[in-house]
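Reader: I'm new to this one. Can you walk me through a few parts of it?

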Amino acid sequence: MTHTRQHPKGGPQAPATAATGEERELMTGETTTAARRSRCVVLEEFGRPPAVRDLTVDRPPPGGLVVEVRFGGVCGTDAHLQQGKLPISTPVVLGHEGLGVVAELGGEPVTDATGAPLRPGDTVMWASSISCGTCVPCRIHGEPTLCENRTTYGVTIPAGTGPGPAGSWSQYMCLRPGTTVVRLSGGIDPPAAMAFACAGPTMVHALRRRPVRLGETVVVQGSGPVGLAAAALAQLSGAAQVIVVGGPKERLDLAARAGIGDHHLDAVGADGPGPALARALELTGGRGADLVVECSGAPEAVGQGLRLTRRGGAYLIVGQYTDRGDTEVNPHQFVHRQLTVAGSWGFTGAHLAAYVDHLPVLAGRFDLPGLVTSFPLDAAGQALAHVADGSVMKAVLRPS
Ligand SMILES: [Zn+2]
Ligand SMILES: [Zn+2]
């Protein structure tokens, strides 16, 4: 879920030089004689299924690299992009989360997040965004996720504005200089890593803003990947009880089978949210949870979540990534409950590195591969539809 709302033409990455081979193809349909070609999923028109195109992969620039993508994650945000709910420029090669193998390095040395040199054949994940390091939020506020010029793979880099595909729904992808690249150890199962490829680092960031404390009762609103990442990390952080309020029931059952969450309450079934919210409150002894984490993305969840938080507790809002409009809340709840309320936006490479460090423990305790459904690259439209209607937990594309 690391994406930016800024218009890419305002950023420093906007094209200023002669057209690349890929750009010429998109403009004229002519092809060039480059060494590598890549089949890519390209969003050309909002509201339409994305197209599969064959694009050129040029040599990576110094400090950059080309990866052969093994998994390109499908995020709820991709469905919003396809529906035209975020202001981006098209055409764009989709995919902001991925896992792949280093195919080619642009000069030596190109290093991973720890400063160790990368080598062809290394299995890696990469941060979805690059912050500029020079804007006021980056330099003065120390908040790189709030960078005013953030470049996000699969979102803000229009096709044809670099050496090759800049999204992970592609056989090969070009990572630009400045990308945080995290090497995976041999013991990590790639599908397990992909289960929370975006949701995991998003929640690492959020839980640094308001950590789970030992013995706390935590309510998680939402049972998609972000909600399950919140619940799983809360359990690892020493929460005494984790209550997941979400739906539909199949998603809650899948969470239970994966070992994620202690209680699973259906708030979207025929009975509506009332009984689930009442049961959640009852499970907290009637006082409310120490920490409530909003991961549903539904505006009306916020008014409900305030009333699930105990007096003196904290409400952490993560799910409202897309602006779905205003909602009614009773502001008295903030004061009477003396709440600490925090929002959290996206993640940085540091949060991705922490997620990857946690993976052996996460995958050791929870059935992460069981959350993942794979689709071939050609079925990207189908994968998007399944993500949009919630019928799969985590979709991934397998380009190669
Ligand atoms: Zn995402
Ligand atoms: Zn910046």
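Predicted model: local features only at pLDDT ≥ 70, side-chain atom pairs only at ≥ 80, totals over all residues.

Reader: Where does His205 lie?

Author: His205 is in helix α5, residues 199-209. Helices (H or I, at least four residues) and strands (E, at least two) are DSSP runs, numbered from the N terminus.

Reader: Is His205 buried or exposed?

Author: His205 counts as buried because its relative accessibility is 8%. Buried means under 20% relative accessible area, exposed over 50%, partly exposed in between (1.4 Å probe, protein chains only).

Reader: What does His205 touch?

Author: Leaving out residues up to four places away in sequence, His205 touches Thr145, Ser344, Trp345, Gly346, Phe347 and His351. Contact means heavy atoms within 4.5 Å. Trp345 is 140 residues from His205 along the chain, and their C-alpha atoms are separated by 8.2 Å.

Reader: New topic. How many residues of α6 are buried?

Author: In α6, 11 of the 12 residues are buried, so this helix is largely enclosed by the rest of the structure. Among them are Pro225, Leu228, Leu233 and Gln235.

Reader: And what comes just after α6?

Author: Gly238, with a positive phi of about 100 degrees.

Reader: Which residues are buried in α8?

Author: In α8, residues 274-283, Ala276, Leu277, Ala280 and Leu283 are buried. They are on the same side of α8, because they cover an arc of only 125 degrees around the axis. The arc is that of the directions from the helix axis to the C-beta atoms.

Reader: What covers them?

Author: The cover over the buried residues of α8 includes β12 (241-246), β13 (263-266) and α9 (300-306). Gly285 follows α8 and has a positive phi, near 80 degrees.

Reader: Last one: where is Gln221, and is it buried or exposed?

Author: Gln221 is in strand β11, residues 217-221. Gln221 is buried, at a relative accessible area of 3%.

Reader: Which backbone oxygen lies 2.8 Å from its side chain?

Author: That of Ala301, which lies 2.8 Å from a polar atom of the Gln221 side chain. Ala301 is also one of the residues that Gln221 touches, including Val245, Cys295 and Tyr315.

Methods
Residues numbered from 1 in each chain as written. Chains lettered and ligands numbered in written order. Heavy atoms only, no water. Polar contact = N/O pair within 3.5 Å; in protein donor to acceptor, adjacent residues only side chain to side chain.
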